[in-house]
Amino acid sequence: MYASIVGLRASLPAYKASLVLSDLYRSYDMQRQAHLDYVTGKKKAYSPPPGGSMHEAGRAFDLELDQIKKLGLPAFWPIARSFNLVPIIKSPDMSLSEAWHFDCRGSHDLVYDYYNAGNGTNFESAYRAMAASAIVSTGQKVDDLGPDPRTGYIQSGLIRLGQKIGNMDGAIGPKSRHALAGFNIDPALPLDAIVVEIERLLQKQFPKEYFTHSPSTLETDIPTHLLASTMLSNVVSAFAASPAFAASYVPPAASRKVLGGISQLVAQAKVINQAFKLPPRMLATLPGKELYLDSELQLDTDGWANGRGKGDIYWQPDTTLRYRDAKKTSIDSNRVPYFVLPLPESWPTQFGISLGDYAAVVYKDELSFAVFADRGPKTKIGEGSIELMRKLGEERLRSNGTVINAGMGPNVITIVFPGSGKPEHRASEATLLQSMAGEGTKRFKALGGVLPS
Ligand SMILES: [Zn+2]
């Protein structure tokens with residue numbers, strides 16, 4: 001939506017027109033008021049009750065038709081469409097009601113198609129089903145989908161990922177559970193964990209919907225309420241504990257014993273500006289230049305030698321970091337605790353961190369050392385290997401060898417030591433594990449950390 005508005009705005013002067021918006025985002029309460037105003041005759045244009053408008057998802061705008069009058073609607077429509085903005089009326093006639101309203105349907109269009117094809121029957125129109133899907137995806141409730149938007153969001157995600165689950169009704173029944181299992185998501189996981197996994201699949205499937213080219217301009221260009229409703233991985237940030245970027249950050253109580261003196265260093269840490277989609281609770285550099293991250297930990301199975309067909313559709317045989325053997329063997333996710341840092345390559349190097357450097361990773365009272373072995377999407381931070389999660393107390397392989405696609409946390413603390421890895425450490429897995437333990441222990445203790453007994 002952001003990219004659509006900015007792109008359209010920039011292109012219009014060439015046609016001697018300009019984009020002036022009279023309405024954009026409406027909350028549940030704002031939409032209810034608009035509907036009441038319509039019902040009581042205060043407002044002439046039709047406003048549906050809450051749950052049926054793309055405005056509630058930050059995916060619709062109303063524009064000032066006067067500003068595009070000379071260009072004309074028939075010429076404006078294809079321009080708007082080239083920015084994925086579609087009109088809500090059927091013919092480009094300025095005199096029609098709602099001629100001013102355009103939607104950015106995004107992947108929610110798939111929910112429209114799904115209902116249009118008769119796969120679900122509980123909404124009065126395919127449009128209203130699509131709007132409900134878009135709204136719960138911002139973390140806002142839709143009455144038709146029950147009091148908790150997470151269940152509707154999970155179903156909306158399953159439909160957009162191509163699953164047939166019958167009605168999207170906010171009740172996770174056998175069909176939804178079956179579809180989750182098909183993605184290797186354990187339906188018995190807590191709702192938040194399922195939301196995170198669905199979110200991960202959606203981000204992979206619809207990257208344009210989540211990632212824009214200039215995240216640094218977002219805060220200044222767009223009001224916060226709209227930003228929250230359109231750009232972020234909304235559901236997760238809406239439900240998870242809110243990130244604390246301020247000096248008020250306190251390390252998790254469950255980890256304070258292991259962190260020891262590091263807790264005091266955190267108070268002097270320099271907070272790093274960032275716009276990650278699953279915002280870490282804290283991202284900063286400590287006075288000694290170590291990188292300090294308090295985040296969720298997503299699972300990366302890359303490099304797992306037996307990983308093919310074991311249930312992670314994103315599994316790849318190779319990691320970015322390799323051993324220095326003739327075959328350039330990858331680092332095995334199931335055998336070596338490793339962590340991932342985001343692309344581009346310049347992101348870690350700005351902190352003096354190179355592939356092969358070590359980190360201490362703390363979760364509750366567990367400690368594991370880990371090696372920087374893989375790079376991830378530039379919009380995400382907080383990812384680690386199967387063996388890292390195992391060392392932190394959470395097993396991700398079932399007894400039959402398939403993987404449970406679930407992250408862990410929040411409150412996983414990763415402290416990266418710049419310059420701690422050396423090429424000679426990577427002669428083999430054995431030398432890497434030994435060097436990791438040696439360097440990690442030395443640096444963690446020097447920083448004030450306490451090895452668990
Ligand atoms: Zn409108």
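**Reading helices, loops and peptide bonds**

Tutor: Let's begin with helix 7: the cover over its buried residues includes helix 6 and helix 8 (191–205). Keep in mind that this is a predicted model.

Student: Which residues of helix 7 are buried?

Tutor: In helix 7 the buried residues are S176, A179 and L180. Viewed along the axis of helix 7, they fall within an arc of 100 degrees, so they line one face of the helix. The general idea is that an α-helix has 3.6 residues a turn, so residues three or four places apart point the same way. On the other side of helix 7 you will find P174, A181 and G182, which are exposed.

Student: What follows helix 7?

Tutor: N184 follows helix 7, and its phi is positive, near 65 degrees.

Student: Let me try another helix. Which residues of helix 1 are buried?

Tutor: Helix 1 covers residues 2–11, and its buried residues are S4, I5 and L8.

Student: How do I read the way two helices meet?

Tutor: Look at the distance between the axes, then at the angle. For helix 4 (residues 109–116) and helix 6, the axes come within 9 Å and cross at roughly 80 degrees. Angles of 65 to 115 degrees count as roughly perpendicular, and helix 4 and helix 6 are therefore roughly perpendicular to each other.

Student: Which residues meet there?

Tutor: From helix 4 come L110, V111 and Y114, and they meet S156, I159 and R160 of helix 6. Sorted by class, this contact between helix 4 and helix 6 has 4 nonpolar, 1 polar and 1 charged residues.

Student: Now a loop residue, please. Where is Q163?

Tutor: Q163 lies in the loop between helix 6 (149–160) and helix 7 (174–182). Leaving aside residues up to four places away in sequence, Q163 touches L158 and A179. The C-alpha atoms of Q163 and G182 are 9.4 Å apart, although 19 residues separate the two along the chain.

Student: Why does Q163 count as partly exposed?

Tutor: Count the C-beta neighbours. Q163 has 18 of them inside 10 Å, so Q163 counts as partly exposed; a buried residue would need 20 or more, and an exposed one has 12 or fewer.

Student: Which backbone angles deserve a look?

Tutor: K16, in the loop between helix 1 and strand 1 (21–23), has a positive phi near 55 degrees. K16 counts as exposed because it has 9 C-beta neighbours inside 10 Å. K289 also is not a glycine, and has a positive phi of about 80 degrees. K289 sits in the loop between strand 6 (282–285) and strand 7 (291–299), and is partly exposed, with 14 other C-beta atoms within 10 Å.

Student: And where should I look for cis peptide bonds?

Tutor: Look at omega. From L343 to P344 the peptide bond is cis, with omega near -5 degrees, and P344 is in the loop between strand 8 (338–342) and helix 15 (346–349). From G409 to P410 the bond is cis too, with omega near 10 degrees; P410 is in strand 12 (residues 408–417).

Student: How is the chain divided into domains?

Tutor: Domain 1 spans 1–240 and domain 2 spans 245–447. Taken over C-alpha atoms, their centres are 35 Å apart.

How values were computed:
Residues numbered from 1 in each chain as written. Predicted model: local features only at pLDDT ≥ 70, side-chain atom pairs only at ≥ 80, totals over all residues. Domains from an automatic or database assignment. Helix = DSSP H or I, 4+ residues; strand = E, 2+ residues; numbered from the N terminus. Contact = placed C-beta atoms within 7 Å. Axes fitted to C-alpha atoms, helices over the stretch in contact; angles between N-to-C directions. Parallel < 35°, antiparallel > 145°, perpendicular 65-115°, else oblique. Nonpolar A, V, L, I, M, F, W, Y, C, P; charged D, E, K, R; others polar. Arc of directions from axis to C-beta.
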